[in-house]
Amino acid sequence: MTSPSLHTAVLKCHPETYSQATHDIQAHVCWRDAGELAITYVLTGDIRRLRIPPLRPARSADRLWEHTCFEAFVGVKGKAEYYEFNFAPSGEWAVYAFRRYRERAPLVGEERVPHITVQSEENSLELDAIVRLDYLPLIQPRASLRLALSAVIEENSGMLSYWALEHPAGSPDFHHPDSFALEIEMPDVEAIDESALAKR
């Protein structure tokens, strides 16, 4: 039985790009304790034909989206500001802040390293990413969040395909407001903490 707090969404390939090796990408989203958002991306296809970055020490890195990379954009409903998270199968990651559409802003707040784990088989690749949202100043407790979940998949030939919940007209654009197609509620972090204490 699926938990009501678990959200499952299917990513669509952009109509101007295609992948012969990637058949399907799903994303599963749920909350964990203390404001942690857990996102699991499940890719099915011929993994041998995909260019997957090798595992590296966890670190912040730019331009991860130039190769196979999974992404999450998180904003508050009714506000223009948002955050971008990049999760590479290498274990590398990136976090960016934006004032509004594609306008970068300083990343304010304590930096917490996303926790990334990857499992790969012949016909599937699963990436789990856990991020703390409660330390980001733009995201308040019990806020209504808008998420844009996406992926860039690189084949061995170097060809890229672009996957998202929704694609606006034109070229792939994960930042576009239309891409923020999943709405979830930020949990009451204090209530979660009190519940955890009561179980001890």
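Which residues does Leu149 touch, not counting residues up to four places away in sequence? I put this to the model, which is a predicted one, and found that Leu149 touches Leu11, Ala27, Val29, Ile39 and Tyr41, as well as Glu71, Ala72, Trp163, Ala164, Leu165 and Leu182.

**Entry on the cores.** I next looked up the largest nonpolar core, which has 44 residues, and noted that Leu149 stands with Leu133 and Leu145 among those with the most contacts inside it. Strand S10, residues 144-154, gives this core its largest share, namely 5 residues. Apart from this core I found another one, of 14 residues, and I wrote down Cys69, Phe73, Tyr82 and Tyr96 as being among them.

**Entry on the largest pocket.** I then turned to open space, and recorded a volume of about 370 Å³ for the largest pocket. At least two lining residues come from each of strand S4 (69-76), strand S6 (93-100) and strand S11 (160-164). Sorting the lining by class, I listed 9 nonpolar, 1 polar and 8 charged residues.

**Entry on the second largest pocket.** Here I noted about 160 Å³ of space, with a lining of 15 residues, of which Pro53, Arg56, Leu64, His67 and Glu92 lie nearest the centre. The classes in this lining are 5 nonpolar, 3 polar and 7 charged residues.

Technical notes. Residues numbered from 1 in each chain as written. Predicted model: local features only at pLDDT ≥ 70, side-chain atom pairs only at ≥ 80, totals over all residues. Heavy atoms only, no water. Core = buried A, V, L, I, M, F, W, Y, C linked by side-chain atoms within 4.5 Å. Buried < 20%, exposed > 50% of the residue type's maximum accessible area, 1.4 Å probe, protein only. Helix = DSSP H or I, 4+ residues; strand = E, 2+ residues; numbered from the N terminus. Contact = heavy atoms within 4.5 Å. 1 Å grid on protein atoms, 1.4 Å probe; cavity = no way out; pocket = protein on both sides within 12 Å on 5 of 7 lines; lining within 4 Å. Points joined across faces, edges and corners; volume = space filled by probe spheres on them. Nonpolar A, V, L, I, M, F, W, Y, C, P; charged D, E, K, R; others polar.
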